[in-house]
Amino acid sequence: MKNLFEKVALNDKVTLPNRIVMAPTTTWSSNSDLTVSNQELAYYQARAHDISMLITACAHVSANGIGFTDEIGVYDDRFIPGLTKLAKTIKHNGVKAVLQINHAGNKALPELIGADNVVSVSQIKTDMIPNPAVPRELTDEEIQQIIRDFGEATRRAIQAGFDGIELHGAHGFLIQNFLSPHFNQRNDKWGGSLTKRMRFGLAVFDEVKRVANKYADGSFIIGWRLSPDEHYADGLRINDTKVMVDELIKRGVTYVHASLTNAVTAVPRDTDGKQTYVESLAAEINGRVPLMVAGMLQTGIDAQKALDCGADLVAIAHGLVTDLDWVKKVRSGKNDQLHLSISQDELRQLYIPDGLWTTIQNSGSWFEIK
Ligand SMILES: Cc1cc2nc3c(=O)[nH]c(=O)nc-3n(C[C@H](O)[C@H](O)[C@H](O)COP(=O)(O)O)c2cc1C
């Protein structure tokens, strides 16, 4: 049986001291020029201990790929000094620092970039944000540019001192737009068959890998986050996702990270329901690379269950936002003492950035507010 507090090899150069990772959490709190703010540094500093690896909020790789207000950028060299502080802050206790990089695609916010600048694989708008724009279909030339943007973002992450990057292939952003039969309506080399729908994501991966080979040593982590399927009748299903995962493993992905509603119980759409997402993905990956999973792992008991289902790493978001001692308490079996809610009085001691608190308050039941 796997244990949360045992070492785990990410690849032959990197071994993590335990299986607990901080999941990516957007803070809505960059400086107004989209550089890393002091509030963000304090937020990460307070959480970068006891876990083995921390994945940052998503940073946008292109100026037209912004999916959240006050979201850090990585699309220009001017971001490198702030990102350097961020990497150093995360690494100060030996925690591995991974920068999540993203292009928001049809989820880019029209009020930030202008409705005419919202782009995606095809002209299909998302239903995942309020007031989305109908995106403009990317030209072949623009697609090639975005692929290079992911590479440049990776170079900046390396120069800033990050141990790795995570490609955001989940949550209906641009990489997933391409893979999705619902959003991808193209008939050229970027759409149609599964092979063509995978082409963009794999080209992004290959470019990132090329850049990592050039600027980093073999220990550089390249993770891939995915949502295994979509709720649309003609949407992505787990069988396509598994083919994509196999291709990524062949190409040298360091880990696969499944973002799930519930990592212990949720089952894939249009299947007989006998296997959970985690069991299904673990069977497909079969130990070739570590499988990281996120979703409602509130306590150490939940996290252990995810390992028992076949996960190798657990990614925790809510738990580490609301309790800075989540790992210490779990290690000593004090699951009943975890703080799983948040109150106005605790904001300072939890180093919650102002923008994150505003979002939490405006997001209904997303967090339990005391
Ligand atoms: C405040 C907050 C911000 C988030 N931002 C991101 C993000 O930038 N990128 C991402 O892939 N997921 C993001 N997520 C999703 C989490 O990484 C995670 O998958 C989800 O919250 C489920 O894990 P949990 O139940 O432990 O919170 C965010 C979640 C929270 C709570």
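The lining of the largest cavity has six nonpolar, four polar and no charged residues. In that count, Ala, Val, Leu, Ile, Met, Phe, Trp, Tyr, Cys and Pro are nonpolar, Asp, Glu, Lys and Arg are charged, and the others, Gly among them, are polar. Before I go on, a word on the source: this is a predicted model, where local features need pLDDT of at least 70 and side-chain atom pairs count only at pLDDT 80 or more, while totals for chains, interfaces and linings use all residues. Residues are numbered from 1 along each chain as its sequence is written, and side-chain values use heavy atoms, with hydrogens and water left out.

Back to our cavity. On a 1 Å grid over the protein atoms alone, a cavity is a set of points where a 1.4 Å probe fits but cannot get out, a pocket is an open set with protein on both sides within 12 Å along at least five of seven lines, and lining residues have an atom within 4 Å of a point. Points are joined across faces, edges and corners, and the volume is the space filled by probe spheres set on them. The structure holds one cavity of 30 Å³ or more, and the largest cavity contains about 70 Å³ of space. If you have the model open, look for W224, M244 and Q176, which are among the residues lining the largest cavity. Which element gives the largest share of that lining? It is α5, with three residues. Helices (H or I, at least four residues) and strands (E, at least two) are DSSP runs, numbered from the N terminus.

Now the second largest pocket, with a volume of about 300 Å³. Its lining has 19 residues, and L10, N11, G252, V253 and T254 lie nearest the centre. Helix α6 supplies the largest share of this pocket's lining, three residues. By class, the pocket lining has nine nonpolar, six polar and four charged residues.

On to the packing. A nonpolar core is a set of buried Ala, Val, Leu, Ile, Met, Phe, Trp, Tyr and Cys residues joined through side-chain atoms within 4.5 Å. The largest one has 113 residues, and L83, L99, F150, F162, L167, F200 and V293 touch the most other members. Helix α6 (residues 194-215) gives the most to this core, nine residues. There is also a second, separate core of 15 residues, including L10, M53, V98 and A315.

Is R19 buried or exposed? Its relative accessible area is 7%, so R19 is buried; the cut-offs are under 20% for buried, over 50% for exposed and partly exposed in between, with a 1.4 Å probe and protein chains only. The side chains of R19 and E6 are joined by a polar contact of 2.6 Å. By that I mean a pair of N or O atoms within 3.5 Å; within protein, one must be able to donate a hydrogen and the other to accept it, and residues adjacent in sequence count only if both atoms are side-chain atoms. A polar atom of the R19 side chain also lies 3.0 Å from the backbone oxygen of N3.

D50 has a positive phi of about 70° although it is not a glycine, and D50 sits in the loop between α1 (38-45) and β4 (53-60). M296 has a positive phi of about 60°, again without being a glycine, and is found between β11 (291-294) and α9 (300-308).
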